[in-house]
2 protein chains.
Amino acid sequence: MTNHQPRVKELSAFMLTPMNESGVDEKAFIRMLQRLVDARVDSIGVLGSTGSYGYLTLQARKRITKLALEHADGIPVMVGVGALRTRDVLELTEDAQKAGASELLLAPVSYQKLTDDEVWHLYDTVNRHLAVPLCVYDNPVTTHFSFSDELHGRLAQLSHIASIKIPGVPDDAAAAAARVARLRALIPPTVSIGVSGDAFALRGLNAGCDLWYSVLAGVFPAVCRRLVSLAAQGESRLTPEMDARLQPVWALFQRYGSLRVVAEMAAQLALTQQDSLPLPLRRIDSEGVAAVKAIVPLLTA
Amino acid sequence: MTNHQPRVKELSAFMLTPMNESGVDEKAFIRMLQRLVDARVDSIGVLGSTGSYGYLTLQARKRITKLALEHADGIPVMVGVGALRTRDVLELTEDAQKAGASELLLAPVSYQKLTDDEVWHLYDTVNRHLAVPLCVYDNPVTTHFSFSDELHGRLAQLSHIASIKIPGVPDDAAAAAARVARLRALIPPTVSIGVSGDAFALRGLNAGCDLWYSVLAGVFPAVCRRLVSLAAQGESRLTPEMDARLQPVWALFQRYGSLRVVAEMAAQLALTQQDSLPLPLRRIDSEGVAAVKAIVPLLTA
């Protein structure tokens, strides 16, 4: 998870939190967690965006944290503690640490657009309450806050900041490497950079990211492990066989949002009930369902 | 509030919910509400964006709703019921109706970006639980959902939709009138259109909006009443004297966000404590504080 030896490529698998209008489907959650334990991913992320943290009460989040730590079989667990209010972030931080989380993940969630100063103070405040490492979660699509590299650099000086989860890298390999190098120059060598946005994974890892914070790995850890191995071997392109499997996945992520797609995948694998997202989020349309049906066997093979 | 006779211009004043990390400052809330009652605004909006609804627990929101209805002295009260989850929206809807709200206000709040279909189902579901009118709250800056006019048209056919709160109108008077006319053509005549974004108020009212959903009126109802009177008289421009008072306000709203500015105004008027926003939101910087100090006396005069 926290990577103090740059260039070792790791896979961090982010889990769904299957639920319905009555509550969380704990059995399904444990079933999915068991798959990640069996695959020995490098770390497990719970209550990230894919884990619908924003849609859960503090109480439900504490319960999920406890469940994850009980069933992770020694694999490090990163727990998302983001919330609209600082006081809720602090409460979740305290709880996750007490429960035994290996690392925390914090996004600057917003309703009112946040200023750089407000985001700085948020992380500085949380940092004062930390006993474990914290990953800065940079996800402008969901938080509507765009980090400058300068702000990342300032935050990375805080004592417990151990990783930055970036949303992606530019299309061009040289531009991607330059983007990661620019950020790396501003942060201590002990702080890792993880690429998010699964379609960018290989490009990001090749560009110098240390790990992949992966949505797809929450449901298909094995195929994602292979992708990370390729990157660790210095391969800059997927094998044609893997490319054929994964390009349609990234296209669906782009069209429907990765959360809705992996939720449908989990349902088709009978890991969860058919509807496992919190309303108003809904199952993808019939065209998407058919596309997932065509892809799932290829990812399981 | 709900305006079944287009062209009568109304003022709906949106209130702050002053709070700190321990809870809501109920005394300050009632004090501010009393100002609006004294000014006899046409309606009072509570738990809108200015009321920090997204930052409050369901329990705190129910308490604020109850307080507002106890102290509104017969002035119609519109209550914001937006939340990330449909089930929370339904719970708040039931509570606000039981408490006696005159109208509800619902924004399609998001963490994961919502589809048109998801937003349609959200409003359709809520509509089935309504006994009072509902205002569709279109605020892409905070919700990150952009309504098409076509979707507004579909939603406005739902039995209890009574108003649309639009974020603003184009700069040019003719373009603004065309924009409101385009929307008006798609909705029943009983559905009112209210302009939000205070800087657009006069332009919006002149362009055919029925009412002004106003942030500034929550603290300075009298000056906002005068602006609405001008519009009702068909005046297309502020008097030079009002323009001199209000332009600096809109400039501060633009720079700091209207919430932070009205919170500072309320503090300087001693209506609230100095810090009344939920962290991570913070007081505006010293330059902003000085600018508010210069403006407040002009708005009170």
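**Ground rules.** I worked with a predicted model, in which local features need pLDDT of at least 70, side-chain atom pairs count only at pLDDT 80 or more, and totals for chains, interfaces and linings use all residues. Residues are numbered from 1 along each chain as its sequence is written, chains are lettered from A and ligands numbered from 1 in the order written, and side-chain values use heavy atoms, with hydrogens and water left out.

**Entry: chain A barrel.** I looked up the sheet of chain A and found a closed barrel of 8 strands, ordered β1-β2-β3-β4-β5-β6-β7-β8, with parallel pairing. The twist from one strand to the next averages 25 degrees. Helix α7 (residues 173-184) of chain A packs on this sheet and touches β6 and β7 (192-195) of chain A. The direction of α7 makes about 145 degrees with that of β7(A). I took strands (E, at least two residues) and helices (H or I, at least four) as DSSP runs numbered from the N terminus. Two strands pair if DSSP finds at least two bridges between them. Axes are lines fitted to C-alpha atoms, for helices over the stretch in contact, and angles run from 0 to 180 degrees between N-to-C directions.

**Entry: strand β2 of chain A.** I followed β2 (residues 43-46) of chain A to both of its partners listed here. Strand β1 (residues 10-14) of chain A is joined to β2(A) by 3 bridges, in parallel, and A:S12 has A:S43 as its bridge partner. On to strand β3 (residues 77-80) of chain A there are 3 bridges, also parallel, with A:I44 partnered by A:V77. Helix α1 (residues 26-38) of chain A lies between β1(A) and β2(A) in a right-handed β-α-β unit. Helix α2 (residues 58-71) of chain A does this between β2(A) and β3(A), again in a right-handed unit. Right-handed means that, with the strands pointing away from the viewer, the path from the first strand over the helix to the second runs clockwise. A:S43 and A:G45 point one way from β2(A), A:I44 and A:V46 the other, and all are buried (under 20% relative accessible area; exposed is over 50%, partly exposed in between; 1.4 Å probe, protein chains only).

**Entry: annotated residues.** The unreviewed UniProt entry marks A:Y137 and A:K165 as "active site". They span 29 residues in sequence, yet no two of their C-alpha atoms are more than 5.0 Å apart, so they gather at one spot. UniProt annotations may be inferred rather than shown by experiment.

A:Y137 is in strand β5 (residues 134-137) of chain A and, at 5% relative accessibility, counts as buried. Beyond four places in sequence, its contacts (heavy atoms within 4.5 Å) include A:S49, A:Y123, A:K165 and B:Y111. A:K165 is in strand β6 (residues 161-166) of chain A and counts as buried at 4%. Among its contacts on the same terms are A:F14, A:Y137, A:D138 and A:Y213.

B:M265 contacts, among others, B:L216, B:F220 and B:L299, leaving aside neighbours within four places.
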